[in-house]
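Let's take a walk through this protein together, from its overall dimensions down to one pair of packed helices. Have the structure open and follow along.

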Amino acid sequence: MATTKGTEDNLEQELQSLTERETFEPPAEFRQHAVVDDDSLHRKAHDDPEAFWLERARQLTWVSEPTESLDDSNPPFFRWFADGKINASYNCLDRHVDAGLGDRVAFHWRGEEGEEEAWTYADLLRDVQRLANGLKERGIGREDVVGIYLPMIPEVVVAMLACARIGAPHNVVFGGFSPQSVSERMKVSEAKALITVDGARRKGKTAPVKTEVDQEGIGDLDHLETIVVVRRTGADCEMAEGRDVWYHELLDGADDECPPEELDAEHPLYILYTSGSTASPKGIVHTTGGYLTGIAHTTKIVFDLKPDEDVFWCSADVGWVTGHSYIVYGPMLNGATSVMWEGAPDYPDKDIWWEICERYGVTILYTAPTAIRAALKWGVEYPERHDLSALRLLGTVGEPINPKAWAWYHKVIGGERCPIVDTWWQTETGGIMISPLPGLTATKPGSATLPLPGIEAGVYDENGEELDEGQGYLVLKRPWPSMLRTLYREEDRFVETYFEKFGRETYLVGDAARKDEDGYFWIVGRIDDVINVSGHRMSTAEIESAIVSYEHVAESAVIGEDDEDSGQAVTAFVTLEGDAEPDDELESSIREHVAKRIGKVARPKRIIWADDLPKTRSGKIMRRLLRDIAEGREHGDVSTLREPGVMDDLAEKVREQGDEGDE
Ligand code: WTA
């Protein structure tokens, strides 16, 4: 006991001294073999950005090579490599198989109960072609949207690439979202088919996914003609004659060869819905040539990827953009070997991630700060059970990383030899924009450091003046190939959201950032009504609208409250109708209702009952004041409130409810 305590104290001290260090140079050993070890790429990109990007694009295999780089004749509708033709699935699969790499493992898949499957590039190519043919037989082709609602199983990769092969944009919905939100996304995107599963496992339990999908009436949508069902858990489900088909039967009956469609560079590759300022999610549209160019390139330079030596593991879920770009497209475009894990970080035990790293010899690990904070809390005993010496590079994404978590990651997981790349980007940017290059950039814990070659980022004040130093609006000043092209069927919203504030050439990110004296970027957080829970983007408006749709609820205001574990946590202020009385039962029903409408990730951690909410004279809820109240601060200026007394009443209520909670 005494020794353990002693070691813990030592670790605390070491972490403390690490957090006091301001910068970390790339280790000499790493730098020696790094993919990028000088600033020549930056110089090329700076001197002639269009030539730089065209050269990157030409590293892919095109049906016909582009001669044009950026087309900026109609901003903000930028086009890239527009005269080229290409296929994403060909570049992820055939290209490597043709080069003799068919036997290389693309994914080491690991199931929750310890099952293992190794999927080679040739295996994937075979199934992708069959599924593509199966979809074609069902009348699905170019431009038809295909929904994908699958857990972390190899079929999700097959499904995405089969869509890409025939030019059908995929619309993947995160497996943690509720069937109801799948239904909404299928409806607004007018999906023609949905690929889903009989059941999904989570920490030893099985969710009957297909049955739940049926209960939401997804199959009743007119345009949705086909539901393909992967048989995975054997969970009972009904198969509607004519509409539903088993994945394995579709593959069994399909031809082995499906030539890839020759698609325009600007052909839509996928739609991915993400949260915005209003209750309706935004359908981010990515196209083919530019997206692939950006993703192939960033995977290689940011992760220093050496496809014939590395084992890459991005621990995100495929349903988020991180999974799209850095589980599927990035590693596969580069012909790399990756790991895919079905389950949670703490099942069957809290050492499962480290067991996986050891077992498959993971060399590059890419995860989220929230996962690191959880591991830190669980303690060093879990990583210490395993040999992590194969690791050579660590990455994070999704939210700012606090210095203590950074120091722990660096010391305990990286053994102080692995550089850490803190990568900033968004669903909209398609790929990483601001990040260290691990063999080149000195890192400062908590900073995503500097824009990548070809990316011009800046911090603007309210009037659009660029700040050399200081805090303001983060913007991207030049178009880049993997940028979103529009919001699906909402062109005006696209222009308003991103290209109104500072003009049609300047992309407004939606984050506040600070630039320091060395030009390093520090992301502060969102400037809109989007909150970040464990690195997952949530819209406060969407959660509010779910809460208000529950019986007896009159009004609701949702804020992100600072939270030690998840970065931010969902806190909901709720007012009830007439004489309805708040109680624990109502509280848990509201929480469950949100889980059903959106997904468990959106469930409020705390509900605060309120008689009234602080509003301006024009009726706008002042969330800033609600945050002050929730976090127990003195509240700021209340002079613009319609009823300034509301604040004191609320503060009193929070104190009372807090006391009850403590008992
Ligand atoms: C936040 C995830 C700080 C940011 C790839 C951004 C970050 C939003 C970082 C996008 C980072 C992402 N440091 N904040 N390294 N990476 N963010 O669309 O607020 O799910 O706007 O894309 O996450 O979330 P999204």
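Predicted model: local features only at pLDDT ≥ 70, side-chain atom pairs only at ≥ 80, totals over all residues.

The secondary structure of the protein chain comprises 21 helices and 30 strands. Along the principal axes, the C-alpha trace spans about 70 × 65 × 65 Å. The radius of gyration is 25 Å, which agrees with a compact globule, because a globule of 663 residues would have a value near 26 Å. Buried residues account for 59% of the 663 residues. If you take contacts between residues at least 6 apart in sequence, 70% of them join residues at least 24 apart.

To see the surroundings of Leu131, leave aside residues up to four places away in sequence: Leu131 then touches Val158, Ala159, Ala162, Ile195, Tyr247, Leu250 and Leu251.

How do two helices pack here? Two packed helices are described by the angle and the distance between their axes. For α7 and α12 (residues 321-333), the axes come within 12 Å and cross at roughly 65 degrees, and the crossing is right-handed. On the α7 side you will find Val157, Met160, Leu161 and Ala164, meeting His324, Val328, Tyr329 and Met332 of α12. By type, this contact has seven nonpolar residues, one polar and no charged.

Key. Residues numbered from 1 in each chain as written. Heavy atoms only, no water. Contact = heavy atoms within 4.5 Å. Axes fitted to C-alpha atoms, helices over the stretch in contact; angles between N-to-C directions. Helix = DSSP H or I, 4+ residues; strand = E, 2+ residues; numbered from the N terminus. Left-handed = near helix turned anticlockwise from the far one by under 90°. Nonpolar A, V, L, I, M, F, W, Y, C, P; charged D, E, K, R; others polar. Rg over C-alpha atoms; globule rule 2.2 N^0.38 Å. Buried < 20%, exposed > 50% of the residue type's maximum accessible area, 1.4 Å probe, protein only.
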